Amino acid sequence: MDIFDKYEGLAARRAQLLGAGTDPFHLEIEELHGPCEATIAGRRTILLGTNNYLGLTFDPACIEAGVEALRRCGTGTTGSRIANGTYVGHRALEAELAAFMGRRAAIVFTTGYQANLATIAGLAGAKDTIFVDSDWHASIFDGCRLSGATVVRFRHNDPDDLDRRLERNPTPGGVRLVIVEGLYSMLGDVARLEEIVAVKKRYGAFLLLDEAHSMGVFGARGRGVAEAQGVEAEVDFVVGTFSKSLGGVGGFAVSDHPRFELLRVAARPYMFTASSGPATIASVRAALAQIVARPELRERIWANARRLHAGLARAGFSLAAPPGPILSIRLPDEQTALLAWNRLLEAGVYVNLALPPGTPGGVCLLRCSVSAAHTDEQIETVLQRFAALSAELSRLERAVAAE
């Protein structure tokens, strides 16, 4: 028996995906021409699947901050935060994040994935129960497993189902932790936080909110969905990432809890991972300053999102959520999704191909992420390519029906 025999089913499905056209697992970006355009397979391609919500990956201030830190501090820390891996920049970023989010304290992690892994596993233990939305990110799933806590899933974005499950699971001798996301990364729908907060308060539970895809975009100051819905004071812990609106790599957690700093010596993914390189920390600090100084970036992404959503709806596509930074198109099956993704790529538009089991409810999606850096011309070109795709899919549907 070979050690990879257990993956025979996965290998067969992978071969099917590869046989449909371009390899979605190894799509190579050959040259970048800015935050929203690149050369892929020799073609100039509009990027509509990067999560670069505010377009800050090519911001001059962010680039210069990173370059200066690289020259001054070198390429990496070569150590964890509890060893030699805490530089002045790490602590400065933590202070700036705490101030930006209006919280007492912040902890910075090397990746957004580790931010969830460390925070969840550090907060919950074997005597505790975690109540988690069924549309959970892999990092949340793994954090729950690592914690050793009892895990109870509730129906996606359903406060009533959360209420019922909290009532049935009193958790004697432990605490109850509710975990939801502000903006869900696959469908692009927004958490019903006001109702969820009311439920968690009724049962004395703690609430952890993942604002990975919503920070920088939602709220008057860009603090996320909790700010937008006016419930920040009722959210006990907020986790986020640097790889979306902040245009870098890394993650963070913030809280007002007076004992929050204990996570630094309780969370293994924080303790045993090399810290972020100085250039990354510097560019993220500059990006955070841009979010504060340029509210017009939020205005621009919402204008782009509304325009793209309206155009896709006119073209006849089924959209999974109202206008927002994530616009996902439902397609009837995997074969259609593969065809559509390849056709768009051939036409110079890159989107994300999202298939089960990585999608909620087993849906097949073309996932688009809008950026403040998308120009009017790029949005118009994208809509033209999607209109042509819609016409092709309609012709194929009629041909199948006629057989």
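A41 is placed in the loop between β2 and β3, where helices (H or I, at least four residues) and strands (E, at least two) are DSSP runs numbered from the N terminus. A41 has a positive phi of about 55° although A41 is not a glycine. The model is predicted, so local features need pLDDT of at least 70 and side-chain atom pairs count only at pLDDT 80 or more, while totals for chains, interfaces and linings use all residues. Residues are numbered from 1 along each chain as its sequence is written, and side-chain values use heavy atoms, with hydrogens and water left out.

**Overall dimensions**

- The chain has 14 helices and 15 strands.
- For 403 residues, a compact globule would have a radius of gyration near 22 Å, and the 22 Å of the chain agrees with this; the radius is taken over C-alpha atoms, and the globule rule is 2.2 Å times the number of residues to the power 0.38.
- Along the principal axes, the C-alpha atoms fill a box of roughly 65 × 55 × 55 Å.
- Of the 403 residues, 53% count as buried; buried means under 20% relative accessible area, exposed over 50%, and partly exposed in between (1.4 Å probe, protein chains only).
- The accessible surface comes to about 17,800 Å², of which 54% belongs to carbon and sulfur atoms; areas come from the Shrake-Rupley method with a 1.4 Å probe, and for residues only the protein chains shown count as cover.
- Among contacts (heavy atoms within 4.5 Å) between residues at least 6 apart in sequence, 68% join residues at least 24 apart.

- Strand β1 (residues 29-32) runs antiparallel to β2, and three bridges join them; two strands pair if DSSP finds at least two bridges between them.
- I29 stands opposite I40 in β2.
- The hairpin of β1 and β2 has four residues between the strands, and G34 in the turn has a positive phi of about 135°.
- β2 and β3 also run antiparallel, joined by four bridges, and I40 stands opposite R43 in β3.
- The hairpin of β2 and β3 has two residues between the strands.
- In a regular strand the side chains alternate between the two faces of the sheet.
- From strand β2 (residues 37-40), E37 and T39 point one way and A38 and I40 the other way, and all are buried.

**The seven-stranded sheet**

- Seven strands form an open sheet of mixed pairing, in the order β4-β10-β9-β8-β7-β5-β6.
- β4 (105-109) and β6 (150-154) stand at the edges with a single partner strand each, so one side of each is left without a neighbour in the sheet.
- Neighbouring strands of this sheet are turned by 20° against each other on average, direction ignored; axes are lines fitted to C-alpha atoms, for helices over the stretch in contact, and angles run from 0 to 180 degrees between N-to-C directions.
- Strands β5 (residues 129-133) and β7 (residues 176-181) run parallel and are joined by four bridges; V132 has I179 in β7 as its bridge partner.
- Helix α3 (residues 88-101) lies across β4, β9 (237-241) and β10 (251-255), and runs at about 125° to β4.

**Surroundings of L48**

- L48 lies in the loop between β3 (43-47) and α2 (60-73) and is buried, with a relative accessible area of 1%.
- Not counting residues up to four places away in sequence, L48 touches L308, V349, Y350, V351, R367, C368, S369, H374, V382 and F386.
- The C-alpha atoms of L48 and R71 are separated by 33 Å, although these residues are 23 apart along the chain.

**Cysteines**

- A disulfide is a pair of cysteine sulfur atoms within 2.5 Å, and by this rule the count comes to zero.
- C62 is in no disulfide, and the nearest cysteine sulfur, that of C36, is 14 Å away; C62 counts as buried at 5% relative accessibility.
- The sulfur of C73 is 17 Å from the closest cysteine sulfur, in C62, which is too far for a bond; C73 is partly exposed, with a relative accessible area of 26%.

**Backbone geometry**

- Most residues other than glycine have a negative phi, and most peptide bonds are trans.
- T78, in the loop between α2 and α3, has a positive phi near 60° and is a residue other than glycine; T78 counts as exposed at 74% relative accessibility.
- A cis peptide bond joins P356 and P357, with omega about 5°; P357 is placed in the loop between β14 (352-354) and β15 (364-369).
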